[in-house]
Amino acid sequence: MTDLENVPYEQSRDGNRAFWDEVTPVHLQAYGVERFLEGERWLPTTILEEVGPVKGLSLLHLQCHFGLDSLAWVREGAEVTGADFSPIAIDAARELSKKADLPARFICSDIYELPHVLEDKFDILFTSIGVLCWLKDLRKWASVIAHFLKPGGFFYIMDGHPLLYTFDDEGNWKFMLSYFHKPEPYVWEGEHPDYMDPSHISYATTYEWQWTVSDIINAVLGAGLRLEFFNEFGALSDPVYPEMKPDGKGLYTFPNMPVPLPILFSLRARKED
Ligand SMILES: C[S@@+](CC[C@H](N)C(=O)[O-])C[C@H]1O[C@@H](n2cnc3c(N)ncnc32)[C@H](O)[C@@H]1O
């Protein structure tokens, strides 16, 4: 991993997109699509509870990957649009929508370009798990969210807790990276085993950013949304990361944490009427 100065946005965007194009077919095999097609509810219980009923509501799913969560929201009764910048992922989402007989619209666009290619407004903006680290500009991200929300509508996110990204990824719980944001990306080069299927080794160069709790909250507040809650979780009822194991108390968490730590956060914020 190296710190590169002055990486143009196009370089990071195109590098990351090539990576996501490459791993989408791997994820189609590894995510458990069959279980979803057989009728599993799929979305984590905490997300279902914190988002609440969606029946009849329009929902825009940002960074939707190949649309599994998007289609799970269709099954819950929402009218869903999914957006992602990977053409391979969007093609796969459209295929899956047909296969599952769950109609949804999928749009291929960089998140920052989306206001130029999509005209509608939505009751709910949703995004989850493994999303913020790919974003170069969180203020602009929040302005995209505010742009697409109807008055009275809300934004919901669950993602890895910013503290999690400070530790090494070998499971040793050693501090490795700064907690704080810096404008230049972390550039990951060389071999990286896939998080869902470690037998797939990617050699793509990827570009990621660290965002703190205050960066996230201030971006959302700065876009004019009213914060309804910000929650932190040390364990969850569903293993949203493949490394999560049962904690013996009915939840899933990461093994060998030296002390209980926040591993996930959720946030809901509303656009005023
Ligand atoms: C970890 S995945 C999200 C996964 C989702 N929680 C799931 O499990 O299906 C991150 C997604 O962000 C998308 N992405 C990354 N940067 C993006 C950008 N600038 N614009 C749009 N999508 C982006 C990737 O293509 C990828 O599908």
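Helices (H or I, at least four residues) and strands (E, at least two) are DSSP runs, numbered from the N terminus. The model is predicted: local features need pLDDT of at least 70, side-chain atom pairs count only at pLDDT 80 or more, and totals for chains, interfaces and linings use all residues. Residue numbers start from 1 along each chain as its sequence is written.

**Exercise 1.** Describe the shell around the ligand.

*Solution.* A residue is near a molecule if its C-beta atom, placed from the backbone, lies within 6 Å of it. The ligand is surrounded by 18 residues, and the closest are Trp 20, Gln 63, His 65, Phe 85 and Gly 130. At least two residues of this shell come from each of helix 1 (9-30) and helix 4 (68-75). Helix 1 gives the most, with three residues. Sorted by class (Ala, Val, Leu, Ile, Met, Phe, Trp, Tyr, Cys and Pro are nonpolar; Asp, Glu, Lys and Arg are charged; the others, Gly among them, are polar), the shell has eight nonpolar, six polar and four charged residues.

**Exercise 2.** Determine how helix 1 is oriented to helix 5, and which residues make the contact.

*Solution.* Axes are lines fitted to C-alpha atoms, for helices over the stretch in contact, and angles run from 0 to 180 degrees between N-to-C directions. The axes of helix 1 and helix 5 come within 7 Å and cross at roughly 30 degrees. Angles under 35 degrees count as roughly parallel, over 145 as roughly antiparallel, 65 to 115 as roughly perpendicular and the rest as oblique. Helix 1 and helix 5 are therefore roughly parallel to each other. In contact (C-beta atoms, placed from the backbone, within 7 Å) are Trp 20, Asp 21, Thr 24 and Leu 28 of helix 1 with Pro 87, Ile 88, Ala 89 and Ala 92 of helix 5. This contact has six nonpolar, one polar and one charged residues.

**Exercise 3.** Apply the angle classes to helix 7 and helix 8.

*Solution.* The axes of helix 7 (residues 138-148) and helix 8 (residues 213-222) come within 8 Å and cross at roughly 45 degrees. The two helices are therefore oblique to each other.

**Exercise 4.** State the strand order of the open sheet and identify its edges.

*Solution.* Two strands pair if DSSP finds at least two bridges between them. Seven strands form the open sheet in the order 4-3-2-5-6-14-11, with mixed pairing. Strand 4 (105-108) and strand 11 (226-233) are the edge strands, each pairing on one side only. Strand 11 pairs with strand 14 (residues 264-270) in the antiparallel sense over seven bridges. Asn 231 has Ser 266 of strand 14 as its bridge partner.

Definitions and conventions: Contact = placed C-beta atoms within 7 Å.
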